[in-house]
Amino acid sequence: MSKETIRLKLKVWRQEGPKVKGELKNYEVEISTHASFLEMLDVLNEDLIHKGERPVEFEHDCREGICGSCSLVVNGMAHGPQANTAVCQLHMRHFKDGETITIEPWRASAFPIVKDLVVDRSAFDRIISAGGFISVNTGSATDANSILIGKDLADHAFDYATCIGCGACVAACPNASASLFTGAKISQLALLPQGDPERKRRVQSMVNQMDVEGFGDCSNHGECEAVCPKGISISAIAMMRREYVKSYF
Amino acid sequence: MSINFKTVENSSRLDAKAPSGPLESKWKNHKKDVKLVSPANKRKHTIIVVGTGLAGASAAATLAELGYNVKALTIHDSPRRAHSIAAQGGINAAKNYQNDGDTIHRLFYDTIKGGDYRAREANVHRLAEESVNIIDQAVAQGVPFGREYGGVLSNRSFGGAQVSRTFYAKGQTGQQLLLGAYSAMMRMVDAGKIELLTRREMLDLVTVDGVARGVVARNLETGEIEKYAGSAVLLCTGGYGNVYYLSTNAKNSNVTAAWRAHKKGAFFGNPCYVQIHPTCIPQSGDYQSKLTLMSESLRNDGRVWVPKKEGDTRKPVQIPEDERDYFLERKYPSFGNLVPRDVASRNAKYACDEGRGVGATGKAVYLDFADSIKRLGQKTIEDRYGNLFEMYERITGDNPYETPMRIYPAVHYTMGGLWVDYNLMTTVPGCFALGEANFSDHGANRLGASALMQGLADGYFVIPYTLGDYIANNSLKPVSTDHDAFKASVVEQEERINKLLNINGNKTTLEFHRELGAVVWDNIGMSRTKEGLEEAIVKIRAIKEEFWTNLKLTGEKNTFNKYLEFAGRVADFIELAELMAMDAWHRNESCGGHFREEYQTPDGEALRNDDEFAYAAAWEFAGEGKEYTMHKENLVFENVKLSQRSYK
């Protein structure tokens, strides 16, 4: 075996469907250290298919950290050990030969398991449709430069807008709270002048939807910020709370 | 070897319906002339939108705002995952905020020229006109574009242009624009005007009396084959770059919806026009599942070079200035590193073919920021490209602030797609194609920052008018999903899925896809030859035969089964690949992304043949095993003079 290849023991969550009991199953895989984590799972799946077994289902698409599809808990950490990195951009050079890796899905009652490592995150869409928008019909906009926004403010709003909707914040939170996700959208729109007319309705409606979906409350653990692949600051949650309180006055 | 197809000159099946009159007033007059549908009548029509990227989300939102009932299907778990999200660099608009001489006509001209004179003038001018409205709309939605300290919007320049007309949100412009369109769409979901159907894959276009009246789709969670009927179908399903297996496309991007529509009568336009993007992270091994793009915007401040000497293995910093070849600046002094993508890609390939490539594989060139960092400071470079630099380091382990990036071309975008008329309607009445899924605006090569522009122009500002005109002009009778056409389609799709699952061969879907990709990359990639294309057709036919007799697939159909999805898509890619080869084989010229080695100027530039090939090739599927028919839409240039593209 060349130095650039490592052998790993995997414990992977397998679950046939939403209402079936799941379990961790053991596998072994040999992989180049230059491969990505998802490419390691591709190799495992090729092996399983050749053996006539069912491959491991997991979500993936862009594989460059922007679509928010990938959603694996690696050794107990949402998206794995590398900070500011979605699991699709985690490379195998961060693992050692002979290591055991446990791979599980996001776990939250608001994110029911579909199959194996795939969960249903449609609750996030419903939170956005409750108010994560500015009501402006196509064609009714004014000239873009008629709205002046200082660079610092625009950059600040941008930082919150980079959320990829992966749900790691929920998976990492001991309360399975969606506060960072919801707070990021509320903060982006609250900072911008375009978001001002609807700010009260927006925060009330989105926070309400978060509760309806069954996400827990935030109790300031800060795990969400630690696992966020885009490094979104927990200050979003503070801003959401201020917006919420202010909305009743 | 025999490659047989029928040819129809000046085809009557291809009425482009471009309005008459001067270029500048075509779209204005058309908007004035289109028939309108009253608000009370819009409520009676269901519009099926397939795909929720920039084109699909913007169309769904806008049509719902107007009062239509929209059913929006996406293969993803959320509309926000569509691959538009990954576009990095920016979006063009002829705002002329920089006072540097930009006009709508100049954006039109750059796009026509950049496309190597193989696009329809009227469509491209409309695109340039609508570009300015997109920026206004996006800002109103809260899209956080980059700004100057005074509060106005920032611009950067992009390849193929000498003005700064590109708007951007750091290196995440696609994400921000998609989230803007997605939020507009979700607002209409909340209003009850859009029914959002996630994890649905369109498998067939259903026609009744030759008119598109719905789709059949697989529910990717339950495996159920579902039927959706409506007054029109909008295909906003992106491009087919994944035919190459390795590309910058997302893993789920596919041609299936467009291909199935093609087999139901929608002609496929210019399938051989593919864009190979010059700045991607090079491949590192066989396990590689995709390639990652580094935005073209990097060429604003990065300088492309290779060592002058062949086989120079010194570290880049050890190579003195006078032993470096900044080949783009040397060969194209007026555009330098900002030449269009096809030119930049081809020149990187030449440098590597000469043995001057760098890195472990020798298939890479440097993109160096040292001069810009010296000139502007690291802070400015970080502001402009911070996330791209981080991404590069995460994947390669190298820090581009200290050592130049290594880049190599990769498949990125497909200019070809379903043929559409000026109204974005395919050759199947009632079936429209928007965004990358159609062939319309980029000719043989797309300029940077123009894909976002086209997707959003089609969805926000074109289809609302042209779809209304179609609805108003046709008295469509209601069609139910109990119609025989739907039932027959469901049976056909179920049979196909059963067939895939019951082959029980030895080769996996991924192995077939990789094999296909290698053939397509080698023979229908950056440069093509008659012999290579003939060889490709033989190989592709053999892959197709083996696929249907030796595929190994496990798992079941009535459940989530990603590899079953992949298998269905790879089967379609195999068929498309053969058509691409045939299209590239018949086009005896070089233009834009289609470079035939036999047709080049003495200094290696693409040599067009306008006398014989100034047309769009639209391919008609005649049935399994039957000869294709190639219809020609002659391209008429009244406003630009065809010339040898020069960026020197």
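The model is predicted, and local features are described only at pLDDT of at least 70, side-chain atom pairs count only at pLDDT 80 or more, while totals for chains, interfaces and linings use all residues. Residues are numbered from 1 along each chain as its sequence is written, and chains are lettered from A and ligands numbered from 1 in the order in which they are written.

**The interface between the chains**

Select chain B where it meets chain A: 61 residues of chain B are in contact with 66 residues of chain A, contact being taken as C-beta atoms, placed from the backbone, that lie within 7 Å. On the chain B side, the elements that give two or more residues are H3 (54–66), H5 (121–141), H6 (173–190), H11 (378–396) and H16 (562–586), where helices (H or I, at least four residues) and strands (E, at least two) are DSSP runs numbered from the N terminus.

**Helix H3 of chain A**

Now select residues 151–161 of chain A, which form helix H3, and pick out its buried residues, A:Ala154, A:Ala157, A:Phe158, A:Asp159, A:Tyr160 and A:Ala161. A residue is buried if 20 or more other C-beta atoms lie within 10 Å of its own, exposed if 12 or fewer, and partly exposed in between, with C-beta atoms placed from the backbone. These buried residues of H3(A) pack against H5 (179–191) and H8 (235–246) of chain A, together with H6 of chain B.

**The domains of chain B**

Select 277–411 and then 487–634 of chain B, which are domain 1 and domain 2, with bounds that come from an automatic or database domain assignment. Their centres, taken over C-alpha atoms, are separated by 31 Å. Six residues of domain 1 of chain B are in contact with five residues of domain 2 of chain B, and helix H9 (residues 341–353) of chain B gives the most to the domain 1 side, with five residues.

**Two loop residues**

Finish with A:Asn75, in the loop between strands E3 (72–74) and E4 (77–78) of chain A, and with B:Arg199, in the loop between strands E6 (194–197) and E7 (200–208) of chain B. A:Asn75 has a positive phi of about 50° although it is not a glycine, and B:Arg199 likewise has a positive phi of about 50°. A:Asn75 counts as partly exposed, with 14 C-beta neighbours inside 10 Å, whereas B:Arg199 is buried, with 22 other C-beta atoms within 10 Å.

Conventions: Two residues are in contact if their C-beta atoms, placed from the backbone, lie within 7 Å.
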